[in-house]
Amino acid sequence: MAEQSTVAAPGAGEPIRVLVVDDQELFRRGLTMLLTVEEGIEVVGEAGDGIEGTNLAATTAPDVVLLDIRMPKRTGIEACRAIKEAVPSAKIIMLTVSDEEADLYEAVKSGASGYLLKDSSIEEVAQAVRVVADGQSLISPSMAVKLIDEFKQMSRPEREHVPGLRLTERELEVLRLVAKGMNNREIAKQLFISENTVKNHVRNILEKLQLHSRMEAVMYAVKEKLLDLP
């Protein structure tokens, strides 16, 4: 499920603006210090709990938020929802010690674009920041397996099929490839189209289905039996 891509910062020559939210001060400050020296990344703030993190996100409008799950005052899952509501453009990466399937599933449903365990290297965290800033998704490999297992347990929900939400054949093709873990470049190569065209298709898919992230799109594809799981 983890996707790799060579990505650029959100704007031409502009750094990716990152907010770090974690109640463990030593970890938070260490991560902030290490990210500060990463090329193309700027840390715009840090917070020690979910409420402070939400408020800081609203005032700094970061491109990416690194968010712990277990925090006082407001959990990371609750903060994820609040931040997505306050700053819809912000991408959320859950960075946590929790390898619980329930936390991963709730994070995805709440709009998170990434889920990394705290034993990830600084290089992995920095790459995740760059990937999700480019509109893609990234999950720790060990958690990706658990997410697929969660998908397998899903039953097809009762759903009203609104004609306006139906996808075109090309959008369905793109969705199936997204669900297989392909990044934009790989999808473009597979379908013989440009990366920009792939990005437009993914954006249209999310808008039509009223979803927040590529991972939610994968969940939709599995629920609607568009993807055969082993």
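1. The buried residues of helix 1 pack against strand 1, strand 2 (41-47), strand 3, strand 4 and helix 5 (122-133). Here, buried means under 20% relative accessible area, exposed over 50% and partly exposed in between (1.4 Å probe, protein chains only); contact means heavy atoms within 4.5 Å. Helices (H or I, at least four residues) and strands (E, at least two) are DSSP runs, numbered from the N terminus.

2. The model is predicted: local features need pLDDT of at least 70, side-chain atom pairs count only at pLDDT 80 or more, and totals for chains, interfaces and linings use all residues. Residues are numbered from 1 along each chain as its sequence is written, and side-chain values use heavy atoms, with hydrogens and water left out.

3. Helix 1 comprises 12 residues and reaches 16 Å from its first C-alpha to its last, close to the 16 Å expected at 1.5 Å a residue (1.5 Å times one less than the number of residues). Its buried residues are Arg28, Leu31, Thr32 and Leu35. Seen down the axis of helix 1, these fall within an arc of 100°, so they line one face of the helix; the arc is that of the directions from the helix axis to the C-beta atoms. Leu26, Arg29 and Met33 are exposed on the other side of helix 1.

4. Arg28 is buried, with a relative accessible area of 10%. Leaving aside neighbours within four places in sequence, Arg28 is in contact with Val20, Asp22, Asp23, Glu46, Ala47 and Gly48.

5. Asp68, in the loop between strand 3 and helix 3, is buried as well, at a relative accessible area of 4%. Not counting residues up to four places away in sequence, Asp68 touches Val21, Asp22, Asp23, Gly76, Met94, Leu95, Thr96 and Lys118. The side chains of Asp68 and Lys118 are joined by a polar contact of 3.5 Å (a pair of N or O atoms within 3.5 Å; within protein, one must be able to donate a hydrogen and the other to accept it, and residues adjacent in sequence count only if both atoms are side-chain atoms).
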